Amino acid sequence: MNVITKTVALPDGRTISIETGKLAKQADGAVVVRMGNTMLLATVCCAKDAVPGTDFMPLTVEYKEKFGAYGRFPGGFTKREGKASDYEILTARLIDRALRPLFPDNFHAETFVNVLMISADGVDQPDALAGLAASAALAVSDIPFNGPISEVRVARIDGKFVIDPTFEQLEKADMDLMVGATYENIMMVEGEMDEVSEQDLLNALKAAHDAIKPMCLVQKELMKELGTETKREYCHEENDEELEKDVWAKCYDKAYALATSANTDKHDREAKFTGVKDEYVASLNLTDEELEAKIGMIDRYYHAVEKEAMRRSILDEGKRLDGRTTTEIRPIWCEVGYLPGPHGSAIFTRGETQSLTTCTLGTKLDEKLVDEVLVHGKERFLLHYNFPPFSTGEAKAQRGVGRREIGHGHLAWRALKRMIPADYPYCIRVVSDIMESNGSSSMATVCAGTLSLMDAGVKIKKPVSGIAMGLITDKGNVKYSVLSDILGDEDHLGDMDFKVTGTKDGITATQMDIKVDGLSYEILEKALNQAKEGRLHILNKITETIAEPREDLKPHAPRIVTFDVPKDMIGAIIGPGGKIIQDIQEKSGATVTIEEIDGKGKVEVAAASKDSLDAAVSRIKAIVAVPEVGETYEAKVKSIMPYGAFVEFMPGKEGLLHISEIAWKRIEKMEDTGMKEGDIISVKLLDIDAKTGKFKLSHKALLPRPQREEKKEGSQE
């Protein structure tokens, strides 16, 4: 067994090791990456050849965390790992987005990358190592790949950048970014932050890239030692140079004319571009068999023609497909309160992209339970994104939630989450349904989400807007154009998709995918500054529609009150077997939850009406009220004894009303008082025994003292 191990140091002195040759030796490439006691196994397997007719890179990336890696049993009935969690899907997407652009354009063999967390101690975060593990598995294989890459998490803690922080460290961070890069270029960015400046973001990217470079170098050392620098030979595309020249000669001018025609209708524009290709195909007068043999090449060559026409139109004439300038934002219109049923609703439309978003307010019982291998807790702010086929005019069924929808929803969630006050009592669910799509639907979700939250009366700190930026470059990046508010075609045919969200005071989230080598920090800085101008323009449109959150909730929204009670009163509120809290809910109609947090009882009361809310709150506050000597209480007779009556003068508080304290006159027997169980009698709390805690109660102290008794006392004196 030939086991090879390489190590690389992080800036703080911690080390990461890469080991190959011990596990999964039948895979094309396999490595174990370790930091501390966190270990990831990454494998890559690739088909020997491409499926005939495949004209794209069929890459599949999976990330999975084993519960046994942390010494835990999975939840659920089956007690085994099931479908991927949102966190696992999001981690897989981070890996995929950094790897995919680096496979050769003409390599089309099915490739599967699997990353498994096989050990963890809950200190170091495994997702920060996943990109490095996947790249290292490719590095030790013979699969063609223009890497290596690595990914790191960079966080700013107390003003300093920390690479791959621990779970505990990350809790104190005001910036949290995942960055993927080759030795030369940044490829992928995603993260959230507390309204930071554009320069702060650039500095974070530079710190991350500096940490990634040694990780790329150690993979190159591993490749050299294993002899995997030379990759396998392949031939996955059939080409016809004469046909390619003919397509360019007969189609380029027509495509360029369409690219500069300023057609604002997406479907009409697509039809006209397709018409150029169809006209060319018809002019060839091919038989069905000849057409079948050549159509794949024609499609590929014409796609390159269309891409170049669009790019040259922008670079040479400054004209985009819909006629806008490079900095121009599509027309925007917004509306709030469109739907009467939800607690908040909004429509945000920018060009041919539209989101219909709702906001629902719930109680503590509506919180999302998070039970992942390393992360446990509850989430009070949820955001879901749906992308139905009709939004692009596609005639197909919608089957469940795709990875893209999870990723886009997560980005919008990160953009808005820090604007929700930490002490806001409601659980919030925002749902964005995309009605139309032609680029930047995730950013439309951010804008519509802000509008729906304010329409619902959620006291967000500041409104948030978002914009997607694009990039068009020529060879060598000598000439480039940064595009504001990109169309779907500009994303597909361009070199960058850079999404930026923020308030008027700074950036709250970002996501960037780069499809070209050699992107300089100068270009990134220009893109960020141009994005800020666009964000503020969009933010003005939002605040013109609704300037700040509504003063009050919608009439049908639940009312919630939260307050603290002493820890030792939690049991009194719940009662034996939950008897008391259930009675409060049944009689008031409110929903009551209580839990211990930081040594206190945190009570949340939710109800549909103020009367219901007040009734429940009054019952609870009566239970937790502290008896005060000298105060008068309405007490309920619980039992009659020969020497007096036991009465409940406060919820859960009972005391003896002695026979001598019922009246000023002497009472021989309790039967003479006429008292019975269930009667209500006023009592005064005279004293609380310091040792036993027993209460001394009196009814006669509330009665006028008879004159005769006063004279008798005077004569005795």
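Reader: Which side chain meets Lys-294 in a salt bridge?

Author: The general idea comes first: side chains of opposite charge can pair when their charged atoms come close. In this predicted model, the partner of Lys-294 is Asp-240, with 3.5 Å from N to O.

Reader: Where in the chain do Lys-294 and Asp-240 lie?

Author: Lys-294 belongs to helix H7 (residues 288–317), while Asp-240 is in the loop between H4 and H5. The two are 54 residues apart, and the pair links distant parts of the chain.

Reader: How is accessibility to be read for Lys-294 and Asp-240?

Author: Buried means under 20% relative accessible area and exposed means over 50%, with partly exposed in between. Lys-294 has 25% and is therefore partly exposed. Asp-240, at 22%, also counts as partly exposed.

Reader: How many salt bridges does the structure hold?

Author: The number is 59. One of them joins Asp-28 and Arg-232, whose closest N and O atoms are 3.8 Å apart. Asp-28 lies in the loop between strand S2 (15–20) and strand S3 (29–35), and Arg-232 lies in the loop between H4 and H5, 204 residues apart. Asp-28 is partly exposed at 23%, whereas Arg-232 is buried at 14%.

Reader: Are Asp-485 and Arg-324, which meet in a salt bridge, buried or exposed?

Author: Both Asp-485 and Arg-324 are buried. Their N-to-O distance is 3.5 Å. Asp-485 sits in the loop between strand S19 (480–484) and helix H10 (488–493), and Arg-324 in the loop between H7 and strand S11 (332–336); 161 residues separate them in the chain.

Reader: How many residues of H1 are buried?

Author: In H1, twelve of 14 residues are buried, and the helix is mostly covered. The buried set includes Glu-88, Arg-93 and Asp-96, along with Ile-89, Leu-90 and Leu-94. From first C-alpha to last, H1 reaches 20 Å, close to the 20 Å expected at 1.5 Å a residue.

Reader: What is the geometry of the ring pair Phe-103 and Phe-145?

Author: Ring pairs are read from the distance between centres and the angle between planes: under 30 degrees counts as stacked, over 60 as edge-to-face, and the rest as tilted. The structure holds ten aromatic pairs. For Phe-103 and Phe-145 the centres are 5.2 Å apart and the planes are at 55 degrees, so this pair is tilted. Phe-103 is in the loop between helix H1 (86–99) and strand S6 (111–119), and Phe-145 is in the loop between helix H2 (127–139) and strand S7 (150–157), so the pair ties together parts that are 42 residues apart in sequence. Phe-103 is buried at 3%, and Phe-145 is buried at 11%.

Reader: At what angle do the planes of Phe-107 and Tyr-234 stand?

Author: The planes are at 80 degrees and the centres 5.0 Å apart, so the pair is edge-to-face. Phe-107 is in the loop between H1 and S6, and Tyr-234 is in the loop between helix H4 (198–226) and helix H5 (241–259), 127 residues apart. Phe-107 is buried at 0%, whereas Tyr-234 is partly exposed at 28%. Elsewhere, Trp-248, Tyr-252 and Tyr-256 form one aromatic cluster.

Reader: Which residue lies over the face of Phe-387?

Author: Arg-404 does, at 4.2 Å from the ring centre. Likewise, the charged end of Lys-621 sits over the ring of Phe-563, 5.3 Å from its centre.

Reader: In what order do the six strands of the open sheet run?

Author: The order is S1-S2-S3-S4-S6-S5, with mixed pairing. Strand S1 (4–9) and strand S5 (59–65) are the edge strands, each pairing on one side only. Neighbouring strands are turned by 15 degrees against each other on average, direction ignored. Within the sheet, S3 and strand S4 (residues 38–46) are antiparallel over seven bridges. Met-35 stands opposite Thr-38 in S4.

Notes: Residues are numbered from 1 along each chain as its sequence is written. This is a predicted model: local features need pLDDT of at least 70, side-chain atom pairs count only at pLDDT 80 or more; totals for chains, interfaces and linings use all residues. Side-chain values use heavy atoms; hydrogens and water are left out. Rings of Phe, Tyr and Trp (its six-membered ring) pair if their centres lie within 6.5 Å; planes under 30 degrees apart count as stacked, over 60 as edge-to-face and the rest as tilted. Helices (H or I, at least four residues) and strands (E, at least two) are DSSP runs, numbered from the N terminus. Buried means under 20% relative accessible area, exposed over 50%, partly exposed in between (1.4 Å probe, protein chains only). A charge sits over a ring if NZ of Lys or CZ of Arg is within 6 Å of the ring centre and within 35 degrees of the ring normal. A salt bridge is a side-chain nitrogen of Lys or Arg within 4 Å of a carboxyl oxygen of Asp or Glu. The expected span of a helix is 1.5 Å times one less than its number of residues. Two strands pair if DSSP finds at least two bridges between them. Axes are lines fitted to C-alpha atoms, for helices over the stretch in contact, and angles run from 0 to 180 degrees between N-to-C directions.
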